[in-house]
Amino acid sequence: MMMKSSPRSSSTPMDPRIWSKLPPEILEYILSFLPLKTFLNLRSTCKSFWSLIFTPPFINKHSSSSSSSSSSSSPFSNFLFLSHPQFHHSHFTLYDCNHATWRNISLSLTTNDSSSLHHSSPSSSWFTTLVSSGGLFCLSDPTSCSLLVCNLLAKTSRKIQYPSFNLHLEHLTFVTTPKGYTIFVLFSHSSSSPSSSSSNVFVYDSKVLSWTRFEGRFGVNLGDNIRQHQGVYFNGGLYFATPEPFSVVKFDLGNGKLERPIGVLPNQVTFLRLVGDGGEGKKMYLVGGVGSNGISRSIKLWEFCEENDYGNYWNEVESLPDLMCRKFVSVCYHNYEHVYCFWHEGMICICCYTWPEILYYLVSRKTWHWLPRCPSLPLKCSCGFKWFSFVPNLYAAV
């Protein structure tokens, strides 16, 4: 009788209530073993399954299985993050570059003690200094005179206090390196005006978890441009493009010395923006306009080349096609201070605060493209568009 009942008992359906009794971590781990295609079909049946795509077990599982077949670390770790003052402060839009689709996600920036950062409005002051690099986000909290470094995927964060409470943050550069991350900040005393020449440079190193102060008139040398655009990590230093007279300078992270100029710049440039290779520090590019009387007639891309018979130089790589150039110039209307650039998974992204699209150059294919407009944006939307590279990394330590 036992032998006859055994097949029958083995075919008995599992009680579905068992699933509801499983701890969330166990359920996430089990579902992470589903093939990608099967899970994408399954997640539309349940809200919790839908959000599972961003959980550490699932991304970690598929990240390891796909790393050998893709240059991206994961099929889910290739997002462009769009923020705008009209968005709710906890609701952001992500463009999934691997699947060419938009996703609306609610993100919670939390501290290690699980207390959320609350802000009175979407245009709170932290929003203007939010930066990202290597799967980490860094934002400033002026009310507590501190910075917060977050890993949204691992749900970890670190609060970093300003070197002094009487300092005013003028500029923030946050870059990940092969050994951690570096925060370069330009401070002035609270009693001084933002344009004061008494700016102080501090560098935070995640390896030693401490600040280093460098004396000098660094803020004067770089002018207002350093306060608007991040530096680029390359060859052990941070590089910045200065406003007119245009130049590229290097801040040595080891000794705190400023070196200028770096390489001979192209002729008749109207604006310049530097782009790194996403924290690797092996390549550096220059995006700029070429024209006369401050008006760009073409947009070009150069790559920095070191130490040949003629010294360092900028080698022209590509020129933006004429029709695309006309559209881009009409977007910014020669207000080039609104233009900013960043690297994202083999793409050099060129953006404008006044335009909700991204112009990007695909380095591997040597082609230019426009990213499609986000469908959730209102047809009439004011300026303030800010894009970030979001490459989730479970093991990026804060």
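The largest nonpolar core here has 23 residues. By nonpolar core I mean a set of buried Ala, Val, Leu, Ile, Met, Phe, Trp, Tyr and Cys residues joined through side-chain atoms within 4.5 Å. Buried is under 20% relative accessible area, exposed is over 50%, and partly exposed is in between, with a 1.4 Å probe and protein chains only. Val 287, Phe 328, Ile 348 and Ile 350 have the most contacts inside this core. Two or more residues each come from β16 (269-276), β17, β18, α8 (322-332), β20 (339-344), β21 (347-352) and β22 (355-362). The largest share, six residues, is from α8. Helices (H or I, at least four residues) and strands (E, at least two) are DSSP runs, numbered from the N terminus.

Before going on: this is a predicted model, where local features need pLDDT of at least 70 and side-chain atom pairs count only at pLDDT 80 or more, while totals for chains, interfaces and linings use all residues. Residues are numbered from 1 along each chain as its sequence is written, and side-chain values use heavy atoms, with hydrogens and water left out.

Next, a sheet. Four strands form an open sheet, ordered β4-β5-β6-β7, with antiparallel pairing.

Now two loops. Most residues other than glycine have a negative phi. Asn 235 counts as partly exposed because its relative accessibility is 41%.

Asn 293, in the loop between β17 (284-292) and β18 (295-308), also has a positive phi, near 55 degrees. Asn 293 has a relative accessible area of 78%, so it is exposed.

Last, the surface. Trp 19, Ile 26 and Ile 30 make a nonpolar patch of about 260 Å². Patch residues have over 30% relative accessible area and no salt bridge; like charges are joined within 9 Å, and nonpolar side chains (Val, Leu, Ile, Met, Phe, Trp, Tyr) within 5 Å. A salt bridge is a side-chain nitrogen of Lys or Arg within 4 Å of a carboxyl oxygen of Asp or Glu. Areas come from the Shrake-Rupley method with a 1.4 Å probe; for residues, only the protein chains shown count as cover. Ile 26 belongs to helix α3 (residues 24-31) and, at 42% relative accessibility, counts as partly exposed.

Note on methods:
Two strands pair if DSSP finds at least two bridges between them.
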